[in-house]
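Please take a look at the protein shown below. The text after it goes through the fold from the whole chain down to single residues.

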Amino acid sequence: MLQAVPSSTELDDVVETTRRMRAAIGGVVTGRPELVRVTVAVLLAEGHLLIEDVPGVGKTTLAKALARTIDCTVGRIQFTPDLLPSDLTGVNIFRSQTHEFEFRPGPVFAHVVIGDEINRASPKTQSALLECMQEAQATVDGRTYPLPRPFLVVATQNPVEMEGTYPLPEAQRDRFMARLTVGYPSIESELDMLDLQETSDPLDTLRPVTDAAQVKALIETARRLFAAPGIKRYVVDLVTATREDQGLRLGASPRAAIQLLRAAKALAAMDGRDHVLPDDVQQLGVPVLAHRLLPSTESRLSGRNTSDIVADILDRVPLPSAAGTVRARRAIG
């Protein structure tokens with residue numbers, strides 16, 4: 001059953017709220033507007049975000065800035081090699097006064113969960129997040145507890161070549177909607193950053209511009225955007241191309257196709273449109289698909305990474321016809 005596309009008032013609310021969020025985050029993370037844009041889009045698509053780069057470039061700052069723009073509960077986890085799964089999900093404590101067990105929730109029971117240096121923990125602890133990220137629930141000692149909505153995990157990680165890191169399992173990476181690389185700022189942006197943070201931390205003055213209830217409403221609005229059959233076929237064609245590419249030994253999963261479409265809807269809503277364009281899908285192709293793929297031995301030896309391969313796929317997979325998209329949209333309008 002088709003849902004009605006969002007009204008102009010609902011879309012205006014998305015545009016204005018996300019504009020204020022991006023402006024607030026941009027005041028802390030300077031010179032990276034596209035990075036901030038995709039970060040907010042992942043929130044609206046109800047996905048999870050993986051931020052990967054070397055230490056000191058602002059990964060945790062970006063995660064904290066996003067969390068502080070929303071008046072909601074925030075959980076912070078510093079991943080270390082000795083961290084246990086119960087340190088994330090919580091533990092049952094026996095109360096001698098009542099002779100009963102009482103559940104003490106862990107930091108995952110928050111709207112926004114910041115996982116710092118996730119790949120410094122063992123795979124056993126990393127896997128404790130799998131159920132939380134996919135099903136928005138946590139099972140402890142045989143009992144299942146729902147997590148709040150919206151629920152967003154923003155995890156940072158250092159490159160696996162660095163000392164003391166464990167590569168994330170494929171199943172774990174597939175739960176993240178997008179992976180972003182912060183990168184080093186330009187000279188101008190770094191000079192602005194020095195001026196901005198010379199005497200104080202801009203995070204200290206960052207105030208919420210929305211709350212959890214409004215974010216939940218924005219998520220529902222973004223979900224109702226129209227995606228023409230041609231757009232959906234384009235998403236499937238991109239995902240299929242990753243499975244058939246000779247430069248990859250593991251292609252994208254069906255979950256990747258679902259999350260790519262949802263992220264594209266969020267990006268379109270932020271632009272004030274009630275429908276998805278091929279450009280929305282293309283802008284998110286590398287962030288949403290590249291981290292899920294495994295390169296072949298030949299690709300690694302030749303120096304090609306998965307981002308290069310996805311960029312090539314985006315260049316060669318034909319775009320959907322604009323005429324077909326318009327006809328399909330008019331047919332349901």
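What follows starts with overall figures and then moves to strands, side chains and backbone details.

This is a predicted model, in which local features need pLDDT of at least 70, side-chain atom pairs count only at pLDDT 80 or more, and totals for chains, interfaces and linings use all residues. Residues are numbered from 1 along each chain as its sequence is written, and side-chain values use heavy atoms, with hydrogens and water left out.

The protein has 15 helices and 13 strands; here helices (H or I, at least four residues) and strands (E, at least two) are DSSP runs, numbered from the N terminus. The C-alpha trace spans about 70 × 50 × 50 Å along its principal axes.

Of the 333 residues, 48% are buried. Buried means under 20% relative accessible area, exposed means over 50%, and partly exposed lies in between (1.4 Å probe, protein chains only). The protein exposes about 16,000 Å², and carbon and sulfur atoms supply 53% of this area; accessible areas come from the Shrake-Rupley method with a 1.4 Å probe, and for residues only the protein chains shown count as cover. Among contacts between residues at least 6 apart in sequence, 79% join residues at least 24 apart, where contact means heavy atoms within 4.5 Å.

Next come the strands around β9. Two strands pair if DSSP finds at least two bridges between them. Strand β1 (residues 49-52) runs parallel to β9 and is joined to it by four bridges; Leu-50 has Ala-155 as its bridge partner in β9. β6 also pairs with β9 in the parallel sense, over four bridges, and here Gly-115 stands opposite Ala-155. β3 and β6 are parallel as well, with five bridges between them, and Gln-78 has Asp-116 as its bridge partner in β6.

Which residues does Asp-116 touch? Asp-116 sits in strand β6 and is buried, with a relative accessible area of 8%. Leaving out residues up to four places away in sequence, Asp-116 touches Thr-60, Arg-76, Ile-77, Gln-78, Phe-79 and Thr-156. The C-alpha atoms of Asp-116 and Ile-77 are separated by 6.1 Å, although the two residues are 39 apart along the chain. The Asp-116 side chain makes polar contacts with the side chains of Arg-76 (3.0 Å) and Thr-156 (2.7 Å). A polar contact is a pair of N or O atoms within 3.5 Å; within protein, one must be able to donate a hydrogen and the other to accept it, and residues adjacent in sequence count only if both atoms are side-chain atoms.

Glu-117 lies in the loop between β6 (112-116) and α5 (123-126). Its phi is near 55°, a positive value in a residue other than glycine. The side chain of Glu-117 makes a polar contact with that of Gln-78 (3.2 Å). Beyond residues up to four places away in sequence, Glu-117 touches Gln-78, Phe-79, Thr-156, Gln-157 and Asn-158.

Ala-136, in the loop between α6 (129-135) and β7 (137-140), has a positive phi of about 55° although it is not a glycine. Ala-136 counts as partly exposed, at 28% relative accessibility. In the loop between β8 (143-146) and β9 (152-157) lies Pro-150, which a cis peptide bond joins to Arg-149, with omega about -5°.

Last, the cysteines. A disulfide is a covalent bond between the sulfur atoms of two cysteines; the criterion used here is a pair of cysteine sulfur atoms within 2.5 Å. A search of the whole structure finds zero disulfides. Cys-72 is in none, and the nearest cysteine sulfur, that of Cys-132, is 17 Å away. Cys-132 is buried, with a relative accessible area of 1%.
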